[in-house]
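Student: Could we go through this structure by its ligands and domains? I would like the cut-offs as we go.

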Amino acid sequence: MATREALSFCRLCMGHCGVVVTLDDEQRLATVRGDHEDPQTLGYACFKGMAAPEAHNSPERIVHPLKRMPDGSFQPVPLAQALEEIAAKLGATLAAHGPEAIAGYKGGGAFFTSSSLRMLNEFLAAAGSPKAFSSVTIDQSAKAVAAGRIGIWPAGRDPFGRGEVFMIVGANPLVSVSMNGFDTRNPLKRLKQAKARGMKLIVIDPRRTETARFADAFLQPLPGEDCAILAGLIHIILAEGWQDHEFCARYAGDLDALRAALAPFTPAYVARRADVPEAELRRVAEVFARDSRRGAASSATGPDMSPGSNLAEHLIECLNVICGRFVREGETVPHPGAILPRWPRKAEVIPAPRWWEHGYRSRIGDFGLIDGELPTGILADEILAPGAGQVRALIVHGGNPASAVPDQERIVEALRSLELLVTIEPFMTQTARLSHYVLPPTLQYERADLPIFIYENLVSHDPYTRYTPPVARAPAGAGVQDDWVYFWELAQRLGLTLQHFGVALDMRSRPTTDEVLAIAARHAPVAFAELQRAARGMMLDAEPQLVEPGDPESRHRFSLAPDDVVAELAQLARPGDDASRRARHAAYPYRFAVRRLRDAINSACKDLPSVRPRVPTNALYMNPADMAREGIAEGELVRLSSDAGAIEVVAAADPDLRPGVVSCAHGFGALPGEPADPRTHGASTNRLISSTRDRETINAMPRMSGFPVRVVRIP
Ligand SMILES: Nc1nc2c(c(=O)[nH]1)N[C@H]1C(S)=C(S)[C@@H](COP(=O)(O)OP(=O)(O)OC[C@H]3O[C@@H](n4cnc5c(=O)[nH]c(N)nc54)[C@H](O)[C@@H]3O)O[C@H]1N2
Ligand SMILES: Nc1nc2c(c(=O)[nH]1)N[C@H]1C(S)=C(S)[C@@H](COP(=O)(O)OP(=O)(O)OC[C@H]3O[C@@H](n4cnc5c(=O)[nH]c(N)nc54)[C@H](O)[C@@H]3O)O[C@H]1N2
Ligand code: SF4
Ligand SMILES: [Mo]
């Protein structure tokens, strides 16, 4: 019986929906609903967000540290024993093989736990290991690569709330509630508000998505052709002279070199290649550049998971640069920093920093660091390839690499070969099952938290932040801990000092979670205690930040056409390419497109009792005309193959998908070698992807969308 209500916010995705929760007599989470008085998210909450009580109270939830026994079963062990044994093993590995033998992988569950979101990195740094991996480099790290190659405008792009236009390349924020630049605080309402004030929406997506239904201009190309499409758009804009001439003169470097490199991408060539009408391509250029003066282009996983992802992001930013779509001198910075420190935003370019060209190089593939981390595309090789620096121990924090990392067979082989695999995880996931130890965390409503503050300007486009106390109790008798506690306890046993956002933690007496959060929030314009008292968060707009004039002496420019980008464009346009694509097309006539499901988050949430019937499996979506041509009926089993592997999945009709394209969500299926029923377990799309071929330069991003596949009905 529900006895008490409390306010909090959901931490399953970037939406951060403000919610009202009810608690039962034991202070356990009973219900979750959208908070209609929430100033940010205006009452929105999705089905899986409201299903959180099922996760918190699940009989399947891991509530004690588990140790894998020689027979493969898991036994609960006392926390002290688990920590002693793990620390002893880590210590022995460090002594025998050095810090490079210890690595970490951080996933979504860790990013959305603010007290812990840097702890894995900080633990590895304290141990002297450079081997931090995360889901970022199998997601949208092309954005970091693009910033590193083109340069940075400190005040950022034109915000959604002020633009006359917003261009979406391969994202579906009305379902994913996650997209750089889109206002995802109740995305449907925010989109309707923006359209009501006259904002034009452009969508480029092989599927007529929930978001695309609102588009003023919609391109439905083959996936994997964004580089050509974007090159074509810039080609048209420069040819017509629709760019922002003043901004270009002042800030755009190598504009002529870019123009030359884009010469092959004529509208006719691009239209043929991406299979879109040339007139529609022109229309997108018109709506974005000719008819609008402000408003940015942005993207999400569509282009960032397809071949040429780094180039695609570079070209998106080129579009913004040539059209001058940045917050200008004298204008307010939308979110200048609430938890993160504020810094001067000048109207000038920070020249391309190319971070990865300095410092550490990986032993596999000679990659540099992206945002201080190694690319997850080489994780399996770092574990499997013998030699000095081979990874022998891995800590997985809030992630499920056995499901999430492309080339499932190879990553699972790697995880199985580890001398020590420790996973901080609430459920018996595929990765947990391969682990030597599983350490159970508190779940979201049981812990104090802040929004995912490292991306705070994506969560809210206003200077807003919010604290939540723990509102619910963990299950009676449970041995769960806030995630960061595990890192502190292990560090202490190894004699290491954790530096949390530059502040040394007390390693003798364990701090509280609030103390840890307060360290991260120490630059906030208000005291942490004040933040804690604000039940629905705080708008920290007492001192709006205006963009300062740039240094008149500054000669810094955006690098529109650095050598590597020019080489990638030349490669894309090379004449042999057409022929080889035609040959591939004969063997693999469809193209695969990534997609997400509304009621699941990657590999999580789909097994909750109320969600299960809504997403029984990861169906392969096909256009009904393609199904008819292949003789495939709704619900039949098909074999989906790429040049890297094959899976069996259930076919489902999706008239919104363009012909020639098939689409299937990731995060399903069983471990390699184990039986899996495609109708009840689904299958892992990561078996269709090679981790050693087709990797991007710089961030080793695998090719996860836009690749050729074949679909055959299984009789
Ligand atoms: N083929 C293919 N592969 C993909 C993608 C794709 O589109 N296609 N998408 C990629 C992308 S964008 C991403 S971000 C990655 C995701 O990669 P991961 O983050 O590694 O995968 P998830 O399935 O999201 O795993 C999150 C885990 O966190 C756990 N968790 C939930 N709450 C908590 C908590 O409070 N604390 C802790 N410690 N854990 C918690 C969940 O149970 C779950 O097991 O997958 C990538 N892989
Ligand atoms: N409900 C739900 N929400 C989620 C998640 C989830 O699993 N479920 N996952 C979370 C995570 S980890 C992330 S990273 C975000 C991702 O957020 P989004 O990137 O918005 O995810 P999707 O909804 O899959 O949208 C990707 C779109 O790209 C299109 N696409 C595929 N290939 C191409 C291509 O080559 N070019 C173009 N132009 N389009 C292409 C697809 O048709 C699809 O509509 O979502 C987050 N939110
Ligand atoms: S949209 Fe995201 S933040 Fe909002 S309720 Fe759903 S999962 Fe939670
Ligand atoms: Mo992601």
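Student: Which residues come nearest to ligand 2?

Tutor: This is a predicted model, in which local features need pLDDT of at least 70, side-chain atom pairs count only at pLDDT 80 or more, and totals for chains, interfaces and linings use all residues. Residues are numbered from 1 along each chain as its sequence is written, chains are lettered from A and ligands numbered from 1 in the order in which they are written, and side-chain values use heavy atoms, leaving out hydrogens and water. A residue counts as near if one of its heavy atoms lies within 4 Å. There are 32 residues around ligand 2, and those that come nearest are S176, D205, D226, T301 and A600.

Student: How much of ligand 2 does the protein bury?

Tutor: Polar contacts here are pairs of N or O atoms within 3.5 Å. An oxygen atom of ligand 2 is 2.6 Å from an N or O atom in the side chain of T301, and a nitrogen atom of ligand 2 is 2.5 Å from a backbone N or O atom of A600. Taken alone, ligand 2 exposes 910 Å² (Shrake-Rupley method, 1.4 Å probe), and the share that the protein buries is 94%.

Student: Which domains each give at least three residues to the shell around ligand 2?

Tutor: The protein chain is divided, by an automatic or database assignment, into domain 1 (66–138 + 370–539), domain 2 (142–350) and domain 3 (576–713). The shell around ligand 2 draws at least three residues from each of domain 2 and domain 3.

Student: How much area do domain 2 and domain 3 bury between them?

Tutor: Their C-alpha centres lie 27 Å apart. The contact (heavy atoms within 4.5 Å) takes 30 residues from domain 2 and 26 residues from domain 3. Buried area is the accessible area (1.4 Å probe) that two parts lose on being put together, summed over both. For domain 2 and domain 3, 49% of it is on carbon and sulfur atoms, and the total is about 2200 Å².

Technical notes: Polar contact = N/O pair within 3.5 Å; in protein donor to acceptor, adjacent residues only side chain to side chain.
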